[in-house]
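User: Please take me through the ligand shell and the annotated sites of this entry. Keep it brisk.

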Amino acid sequence: MKIVLSPSILSADFSCLADDVQRLEKSGIEDIHLDIMDGHFVDNITFGTGTIKSLRPHTKTNFDAHLMVTKPDALLAGLADAGVNSVTVHKEACVHLYHTLETIKKLGMDGGVVLNPATDYESLKYVARDGLLKKVLVMSVEPGFGGQAYLPMSTKKIADLAEWRDKNKFEFVIQVDGGINIHNIKTVIEAGATDIVIGSAMFKERQIEDNVATFRKAIEI
Ligand code: DX5
Ligand code: ZN
């Protein structure tokens, strides 16, 4: 299974976002994780569709938007228009999850569902069909801020989710987000995650190229 490294630009320098994304791209990164926060679902505010649209012409990388907002449906058309390729929505924020995933698909993007640390995955069996669920994102911190410590119980959750997926023959990939560093990345991959979001550790000391290389070396890709 191919391992995808998805740097989160939450830890980038917002005054030179295009430069930072290009540095990642030149280092071989193909997917960029975009954390959209509205100050309601989480206690932080980042950026929206306007910023993403401005960034789009500067890179060919895939844009993967993680929506930490109370009204994700209101943003979907704008995200598609801004050139976003995939969108993950929080299960806790979606009252009509099936409908939201259907809308994402109709807009030509890949849909996924994010689970907060205390959220179960079993009810995802109702949406894991019709090509609606391409990804499940396991939060390994409470969402809202970069630089938090990995919650150790996330490892078992990833392993359980992977087993449940395989037993039921679902095909979504497992993404993990929060507190990933050079010491725990192998653990989450061994548990079953194949798409690894890395924020602060990827931008550490602004040594972006070296950090990408160090992560690659750690997991031998
Ligand atoms: C947190 C965000 C993450 C964040 C991860 O709510 O969803 O994507 O950027 O940052 P680190 O890797 O520093 O935990
Ligand atoms: Zn995120």
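The questions below cover the ligand shell, then the annotated sites.

Analyst: This is a predicted model: local features need pLDDT of at least 70, side-chain atom pairs count only at pLDDT 80 or more, and totals for chains, interfaces and linings use all residues. Residues are numbered from 1 along each chain as its sequence is written, with chains lettered from A and ligands numbered from 1 in the order in which they are written.

User: Which residues come nearest to ligand 1?

Analyst: A residue is near if its C-beta atom, placed from the backbone, lies within 6 Å. There are 21 residues around ligand 1. The nearest are S8, P143, G146, G199 and S200.

User: Which strands each supply at least two residues of that shell?

Analyst: Strands are DSSP runs of E, at least two residues, numbered from the N terminus. Two such runs qualify here, at 31–37 and 195–198. They are β2 and β8.

User: Where does UniProt place the "active site" feature?

Analyst: The UniProt entry is unreviewed, and annotations may be inferred rather than shown by experiment. The record puts the feature at D35 and D177. They span 143 residues in sequence, yet no two of their C-alpha atoms are more than 10.6 Å apart, so they gather at one spot.

User: Is D35 buried or exposed?

Analyst: Buried means 20 or more other C-beta atoms within 10 Å of a residue's own; exposed means 12 or fewer; partly exposed lies in between; C-beta atoms are placed from the backbone. D35, in strand β2, has 23 such neighbours, so D35 counts as buried.

User: Which residues is D177 in contact with, leaving aside neighbours within four places in sequence?

Analyst: Contact means C-beta atoms, placed from the backbone, within 7 Å. D177 is found in strand β7. Its contacts are H66, L137, M139, S140 and V197.

Conventions. Helices (H or I, at least four residues) and strands (E, at least two) are DSSP runs, numbered from the N terminus. Two residues are in contact if their C-beta atoms, placed from the backbone, lie within 7 Å.
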